Amino acid sequence: MKALGHTLLDPWMDDGEAAAIAALPAGEERRQAWRAFNSRIGHKNQLAIDACDMVLAVLDGTDVDSGTAAEIGYAFARGKFVLGYRGDFRLSADNEAGIVNLQVEFFIRASGGDIIATLDQLPGAISKLAPN
């Protein structure tokens with residue numbers, strides 16, 4: 001993204017905390033550590049979406065990841081542009097007119113965004129959405 005003049009905000013970037021939690025012995029202490037970690041990651045994600053100009057959502061898989069779908073809906077509700085990337089050739093739509101789940105696709109397109117099929121399309125798609 002830096003090559004395209006944008007900063008990537010990734011809430012999953014951590015300092016090894018997830019690996020440290022995973023290394024804890026199974027039990028209540030590890031579950032509590034995961035709960036706290038999950039809450040921090042969710043909040044970081046909310047703040048990143050609030051701070052960003054646009055969201056780039058990877059839509060690959062037999063169905064769009066539930067977290068990604070939530071991010072798309074939240075970004076749309078916050079008035080952010082959403083750009084989808086689906087390089088996966090498998091059918092994932094509700095009918096032949098769609099690319100992915102109709103509600104996910106609606107939020108992407110209603111935000112002013114689009115769905116691209118190749119990474120070569122990324123610079124042009126971003127330039128259409130990026131604020132000047």
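Student: What should I know before I start?
Tutor: This is a predicted model, where local features need pLDDT of at least 70, side-chain atom pairs count only at pLDDT 80 or more, and totals for chains, interfaces and linings use all residues. Residues are numbered from 1 along each chain as its sequence is written, and side-chain values use heavy atoms, with hydrogens and water left out.

Student: How many helices and strands are there in the protein?
Tutor: Helices (H or I, at least four residues) and strands (E, at least two) are DSSP runs, numbered from the N terminus. Here there are five helices and three strands. From the N terminus on, their order is α-α-β-α-β-α-β-α. The C-alpha trace spans about 50 × 35 × 25 Å along its principal axes.

Student: How do I read the sheet?
Tutor: Strands of a sheet pair through backbone hydrogen bonds, either parallel or antiparallel. Two strands count as paired if DSSP finds at least two bridges between them. In this protein, three strands form an open sheet in the order β1-β2-β3, with parallel pairing.

Student: Why is one side of β1 and of β3 left without a neighbour in the sheet?
Tutor: Both β1 and β3 (115-116) stand at the edges, each with a single partner strand, so one side of each has no neighbour in the sheet. Strand β2 (residues 81-85) pairs with β1 over five bridges. Leucine 56 stands opposite leucine 83 in β2.

Student: Which residues lie nearest the centre of the largest pocket?
Tutor: On a 1 Å grid over the protein atoms alone, a pocket is an open set of points where a 1.4 Å probe fits, with protein on both sides within 12 Å along at least five of seven lines; lining residues have an atom within 4 Å of a point. Leu8, Leu9, Met54, Val55 and Leu56 lie nearest the centre, out of 22 lining residues. β1 gives the most to this lining, with five residues. α2 (28-51), β1 (54-58) and α3 (66-77) each supply at least two.

Student: How do I read an aromatic pair?
Tutor: Rings of Phe, Tyr and Trp (its six-membered ring) pair if their centres lie within 6.5 Å; planes under 30 degrees apart count as stacked, over 60 as edge-to-face and the rest as tilted. The structure holds four such pairs. One of them joins tryptophan 34 and phenylalanine 37, edge-to-face, at 5.6 Å centre to centre and 80 degrees between the planes. Both residues lie in helix α2, three residues apart, about one turn of the helix.
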